[in-house]
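Subject: Structure for your review

Dear colleague,

Please find below the structure I am handing over to you. My findings follow it.

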Amino acid sequence: MCGSTRFLVFGHGTWDQLRAPFLGLCAKALYRPVAPDWHNLDAATRLADTDAWLERHLTEPPHRISPRAFSPLPLLGIPGVTPDSESPGYYRDTRQFRPLRRS
């Protein structure tokens with residue numbers, strides 16, 4: 001999934017917590033599906049597109065999101081945040097990674 005997923009982490013509190021990470025460290029996240037060719041865009045274009053998407057979804061009806069739209073994101077599960085996160089077995093640790101709840 002690493003090749004098809006990008007993470008844009010922002011917020012000073014989130015970065016501050018990553019300075020002293022602990023099991024279960026989570027942030028709130030918005031998940032945005034994109035077209036497969038979006039990943040081929042250069043980084044500046046992806047960032048500008050994401051910024052415009054986020055602005056629309058935070059400010060304009062009918063897009064305006066509610067707090068329920070945010071999902072937990074285990075920060076230590078972002079590939080590259082810890083050396084262990086490069087191993088598939090790392091993600092079997094249920095202390096950090098729980099299955100999605102069924103709706």
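The secondary structure of this predicted model consists of two helices and two strands, arranged along the sequence as α-β-α-β. The C-alpha trace spans about 40 × 30 × 30 Å along its principal axes.

The protein has 103 residues, of which 24% are buried. Of the contacts between residues at least 6 apart in sequence, 53% join residues at least 24 apart.

As to charge, there are 13 positive and 10 negative side chains, and the centres of the two sets lie 11 Å apart. Side chains of opposite charge can pair when their charged atoms come close. The count here comes to three salt bridges.

One of these salt bridges is formed by Asp-49 and Arg-32, at 2.6 Å from N to O. This pair links distant parts of the chain: Asp-49 belongs to helix H2 (residues 43-59), while Arg-32, 17 residues away, sits in the loop between strand E1 (26-29) and H2. Asp-49 is partly exposed, at 29% relative accessibility, and Arg-32 is also partly exposed, at 23%.

A further salt bridge joins Arg-19 to Asp-16, with the closest N and O atoms 3.0 Å apart. Here Arg-19 is exposed, at 70% relative accessibility, whereas Asp-16 is partly exposed, at 45%.

Finally, Arg-95 forms a salt bridge with Asp-93, where the closest N and O atoms are 2.7 Å apart. Arg-95 counts as exposed, with a relative accessibility of 56%.

Yours sincerely

Notes: Residues numbered from 1 in each chain as written. Predicted model: local features only at pLDDT ≥ 70, side-chain atom pairs only at ≥ 80, totals over all residues. Heavy atoms only, no water. Helix = DSSP H or I, 4+ residues; strand = E, 2+ residues; numbered from the N terminus. Buried < 20%, exposed > 50% of the residue type's maximum accessible area, 1.4 Å probe, protein only. Contact = heavy atoms within 4.5 Å. Lys, Arg positive; Asp, Glu negative; His and termini not counted. Charge placed at Lys NZ, Arg CZ, Asp CG, Glu CD. Salt bridge = Lys/Arg side-chain N within 4 Å of Asp/Glu carboxyl O.
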